[in-house]
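Student: Can you walk me through this model? Keep it short, please.

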Amino acid sequence: MSSNALPSWDVLTKHAVFPSGNHDEVARLNFLTHLNVHLSSQILPGVKTAYDKQVKPAIIAQTGSEPTSRHDVRKHMLNNGYFQMWSALRRNTMEMRHQAARSQVLGQIENIVEKVDKACEGNANIQLDSSVSIPPNVGSVDIHCQPGCYYQEYFENDVTVAASYDLGLFVTTAGLLGALSDGGGQGIANWLKTQHPDFSPKRILDIGCTVGHNALPLAQHFPDAQVIAVDVARPSLRYAHARAASLGIENIQFVQANAEELSQYDDGSFDLITTSMFLHELSHQSLPKILKTIHRLLADGGLNLHLEQPQYAGMDVYQQFIRDWDTYFNNEPYWGPMHELDLAKVFAECGFDPSDLFDVGVVSKVDEKIFGKPKSDGEDYGRSPVWNAIGLWKGQSANNGAKKSAKKNANMSENAA
Amino acid sequence: MSDTKKHLSDAEKVNLAGTKAKGQRPYFLAQKQTEQALSVAMSLAMELSVTKERLASLECLLADKGIIEKGEFDGYQPSKDEVAKRSLETQAYLARVLRIMQQDKEELESNDPDMQTVQDALTKW
């Protein structure tokens, strides 16, 4: 088989609440997966060419200088025919993916809801709270064009939006996230395993967990730890719990709560607090509140890690512009504003020591179930899923500083002697 | 908050599958309708791909059950009559798909009056 062949959606792990797909449904998802790959690998490079050969020279001719911001680039690119067609196709492909996934889920939704109901009934690992409302950063638009976002229920105890999200993740990533779409969480677990093998958190908090896919690898990697996964979205949490239970993972509790507060948990009561592709779905109002909550809940010496895309600072304006497409055209209104923040400043304002912050590339192993066994050591088929993580060990710099300063004092006294 | 509705009808499910995401939709092409036509074409392209795959599956199933040999589809040589029949079918198919261009050509060639001119003529006392 050619190494260019993409995996079929059908290789995904079918946990007990995962929607099944008949012949044509699978063919539709595979078509959309191929279409996404075609758009990004074959058509998107032409957008850069259109910018370099048509749009940028026109801007220079018009204004006498190169564009200085991604907004300048966008304003001019919106009049470029090639960019218009690529954008129209990309937006439409996103909508087709949601339609295909939702139609597949809705065709079997009663069956899925029955299983979710059964898994949730009287189980302490699912904690719902009807007083939790949907905050503006979640409710203003349906994030990434997903109708109903993560929270809408179309009938009593409905989980359509959650099941549809779970099955559709494959389509935009062509299997890169692995058989359980958990590449992000696997990446964190893998990084901890290789870089911090002695770190052994007892309590882990995952914020904005949606269907729990990125929290489960942590629960599995630390079987003696208790994981608390919070989200505001009731159907996502109910589905997440049934999904985790069907995979035999017991040390995780799904809790409906807004992470701006979390007053039910004590100060310093978590050793590890994670988010995965979550910060860009917040707002200038909620981000500092959540970071302050994390600061309060994280134990001294504990780890806070956020999987994200890289910040815009230092990127050329075209890079920024093309990464910013989702902000305006894929219902991710906070994507751009978040990626231009000075995170060190924001973390500092929320109580953290900014010198504790670090950036790290987090890599998930290529899933052999999907891509087969590597042909030789180190080969990743060019498909290694890599994320940018922003993290900190709480109080690390102060502790090191104290050690350094103690050492300095010792040196000084040695010199004096 | 869970909706109090107990179940969805088939019609509601079809409608919900295709419902729009909250938030104004951006259009990129000069004319909104052109982009809508592109969207229809892409959906049809997907359905055609699904159908091709279904035929491939059918071929595999027939081969697995020993009804045809593997590769027999590709090696199939239609008879002269069959070729002629298919040619006519293909011509009719293309004419159906491209009907709008045929009609536009006919209009270019005609001197059809517009409706207002016709109405004005018909309503003259």
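Tutor: We'll take confidence, then the chain contacts, then a helix pair.
This is a predicted model, where local features need pLDDT of at least 70, side-chain atom pairs count only at pLDDT 80 or more, and totals for chains, interfaces and linings use all residues. Residues are numbered from 1 along each chain as its sequence is written, with chains lettered from A and ligands numbered from 1 in the order in which they are written.

Student: What are the ipTM and pTM?
Tutor: ipTM is 0.77 and pTM is 0.88.

Student: What's the mean pLDDT of chain B?
Tutor: It is 90, and 98% of chain B's residues reach 70 or more. pLDDT is the predictor's confidence in each residue, from 0 to 100.

Student: And what does chain A average?
Tutor: Chain A averages 92, with 93% of its residues scoring at least 70. Over residues 377-381 of chain A, though, pLDDT is below 50. That stretch has five contacts beyond near neighbours in sequence. A contact means C-beta atoms, placed from the backbone, within 7 Å.

Student: Which other stretch of chain A stays under 50?
Tutor: Residues 407-417 of chain A do, and the model gives them zero contacts beyond four places in sequence. Where pLDDT is low, the predicted coordinates should not be read in detail.

Student: Switching topic. How many residues of chain B are in contact with chain A?
Tutor: 31 residues of chain B, against 32 residues of chain A.

Student: Which element of chain B gives the largest share?
Tutor: α2(B), with 11 residues. Helices here are DSSP runs (H or I, at least four residues), and strands are E runs of at least two, numbered from the N terminus.

Student: How does chain B's side split by class?
Tutor: 12 nonpolar, 10 polar and nine charged residues. Ala, Val, Leu, Ile, Met, Phe, Trp, Tyr, Cys and Pro count as nonpolar, Asp, Glu, Lys and Arg as charged, and the others, Gly among them, as polar.

Student: Now chain A. At what angle do α1 and α2 cross?
Tutor: Roughly 105°, and the axes of α1 (residues 23-63) and α2 (residues 70-77) of chain A come within 10 Å. Axes are lines fitted to C-alpha atoms, for helices over the stretch in contact, with angles from 0 to 180 degrees between N-to-C directions. So α1(A) is roughly perpendicular to α2(A), a label for 65 to 115 degrees.

Student: Which residues meet there?
Tutor: A:Tyr51, A:Val55, A:Ala58 and A:Ile59 from α1(A) meet A:Asp72, A:His76 and A:Met77 from α2(A).

Key:
Two residues are in contact if their C-beta atoms, placed from the backbone, lie within 7 Å. Angles under 35 degrees count as roughly parallel, over 145 as roughly antiparallel, 65 to 115 as roughly perpendicular and the rest as oblique.
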